[in-house]
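Visitor: Hi, I've got a new model open on my screen. Could you walk me through it?
Guide: Happy to; let's bring it up.

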Amino acid sequence: FYIGVEKDDALFEMLSEKFREEIEAGNCILLHGDILDSVIEEKIFSLIGKRTYKIIANIPYYITGEFMRKFSESSNPPAKMVVMVQKEVAKRIVDTKESILSISVKAYGNPKYVCTVPRKFFRPMPNVDSAVISIENISKKFFFDNKIDEKTFFEILKAGFAHKRKVVIKNLQDKIDKNTLESIWNNENWSKDLRAENITLEMWKKIVGNTCKS
């Protein structure tokens with residue numbers, strides 16, 4: 001069955017009427033509210049239970065990161081997400097130039113840029129283009145397999161991106177002992193001029209993994 005969430009009052013009423021037959025047959029459930037609201041979240045997961053599910057969404061651009069984290073970090077994450085986001089955000093997620101968002105997404109799944117949706121297809125027309133991205137094989141396998149605590153991982157990740165003008169090894173000294181960092185960098189033969197945007201998920205795995213063992 002399908003679970004839909006719509007915040008806009010008028011659009012919710014329109015969808016309720018358009019899919020009246022499906023709703024009455026029990027094949028469609030529409031929830032009225034904010035997808036980020038904890039009450040809506042509880043309703044969604046109570047309906048899903050332990051079922052495998054997928055997410056298809058056209059979300060407000062400003063909630064992209066929080067939306068993806070909410071479901072990826074849940075105890076029952078979706079098997080796949082297909083979402084429409086701002087084109088520049090989509091490119092940052094799949095690009096080799098990393099960000100907190102791109103690493104967060106890649107830690108849980110495999111993102112793929114599907115297509116661009118030009119602004120001319122929207123009314124009223126926005127100032128930016130959109131894009132559809134697909135995130136497959138979503139799970140916590142990365143954390144389980146590497147024995148990495150999620151909370152610790154993201155605390156260190158955020159510290160690494162704290163000051164864009166600083167090299168990452170300097171940023172990380174707020175969270176990790178300087179000697180430990182230098183040992184990791186020397187063992188991996190990494191340049192000390194690396195910035196956070198140059199650190200891949202595999203490199204973050206080594207940084208956090210070695211830190212937790214220290």
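This is a predicted model: local features need pLDDT of at least 70, side-chain atom pairs count only at pLDDT 80 or more; totals for chains, interfaces and linings use all residues.

Visitor: Which residues of α3 are buried?
Guide: Ile40, Ile44, Phe45 and Ile48 are buried in this helix, which runs over residues 38–48. They cover an arc of only 125 degrees around the axis, so they sit on the same side of α3.

Visitor: What do the buried residues of α3 pack against?
Guide: Their partners are β1 (2–6), β2 (28–32) and α4 (64–72). The face of α3 turned away from the buried side carries Glu42 and Ser46, which are exposed.

Visitor: Let's zoom out. How many helices and strands does the protein chain have?
Guide: The chain has eleven helices and six strands. Its C-alpha atoms fill a box of roughly 65 × 40 × 25 Å, taken along the principal axes. Of the 214 residues, 42% are buried.

Visitor: What about contacts across the sequence?
Guide: Taking contacts between residues at least 6 apart in sequence, 63% join residues at least 24 apart.

Visitor: How many residues are in the largest nonpolar core?
Guide: That core has 56 residues. Those with the most contacts inside it are Phe67, Met68, Phe153, Leu172, Trp185, Trp204 and Ile207. As a general point, nonpolar side chains tend to be buried together in soluble globular proteins.

Visitor: Take Phe67, then. What is phenylalanine 67 in contact with, leaving aside neighbours within four places in sequence?
Guide: With those neighbours set aside, phenylalanine 67 contacts Ile35, Leu36, Ile55, Ala57, Ile59, Met81 and Val83.

Visitor: I like rings. How many aromatic pairs does the structure hold?
Guide: Twelve aromatic pairs. One of them joins phenylalanine 142 and phenylalanine 143: their rings are edge-to-face, 5.1 Å centre to centre, with 85 degrees between the planes. Both of these residues, phenylalanine 142 and phenylalanine 143, are buried.

Visitor: And why is the pair of phenylalanine 142 and phenylalanine 153 edge-to-face?
Guide: Their planes are at 75 degrees, and the centres lie 5.6 Å apart, so the pair is edge-to-face; the angle needed is over 60. This pair links distant parts of the chain, with phenylalanine 142 in helix α7 (residues 141–145) and phenylalanine 153 in helix α8 (residues 150–160), eleven residues apart. Phenylalanine 142 and phenylalanine 153 are both buried.

Visitor: Which residues form one aromatic cluster with those?
Guide: The cluster is made up of Tyr108, Phe142, Phe143, Phe153 and Phe154.

Visitor: Over to serine 104. Is serine 104 buried or exposed?
Guide: Serine 104 counts as buried because its relative accessibility is 6%, and the cut-off for that is under 20%. Serine 104 lies in helix α6 (residues 100–108). Apart from neighbours within four places in sequence, serine 104 is in contact with Phe154 and Leu157.

Visitor: New topic: α10. Which of its residues are buried?
Guide: In α10 (residues 178–188), Thr180, Leu181, Ile184 and Trp185 are buried. Seen down the axis, these buried residues fall within an arc of 130 degrees, so they line one face of the helix. Asn179, Asn186 and Asn187 are exposed on the other side of α10.

Visitor: And what is at the two ends of that helix?
Guide: At the start of α10, a side-chain oxygen of aspartate 177 reaches to within 3.0 Å of the backbone nitrogen of asparagine 179. Just after α10, asparagine 189 has a positive phi of about 60 degrees.

Visitor: Where is glutamine 173 found?
Guide: Glutamine 173 is in the loop between α9 (168–171) and α10. With a relative accessible area of 33%, glutamine 173 is partly exposed. Leaving aside neighbours within four places in sequence, glutamine 173 contacts Lys178 and Leu181.

Methods
Residues are numbered from 1 along each chain as its sequence is written. Side-chain values use heavy atoms; hydrogens and water are left out. Rings of Phe, Tyr and Trp (its six-membered ring) pair if their centres lie within 6.5 Å; planes under 30 degrees apart count as stacked, over 60 as edge-to-face and the rest as tilted. Buried means under 20% relative accessible area, exposed over 50%, partly exposed in between (1.4 Å probe, protein chains only). Helices (H or I, at least four residues) and strands (E, at least two) are DSSP runs, numbered from the N terminus. A nonpolar core is a set of buried Ala, Val, Leu, Ile, Met, Phe, Trp, Tyr and Cys residues joined through side-chain atoms within 4.5 Å. Contact means heavy atoms within 4.5 Å. The arc is that of the directions from the helix axis to the C-beta atoms. A polar contact is a pair of N or O atoms within 3.5 Å; within protein, one must be able to donate a hydrogen and the other to accept it, and residues adjacent in sequence count only if both atoms are side-chain atoms.
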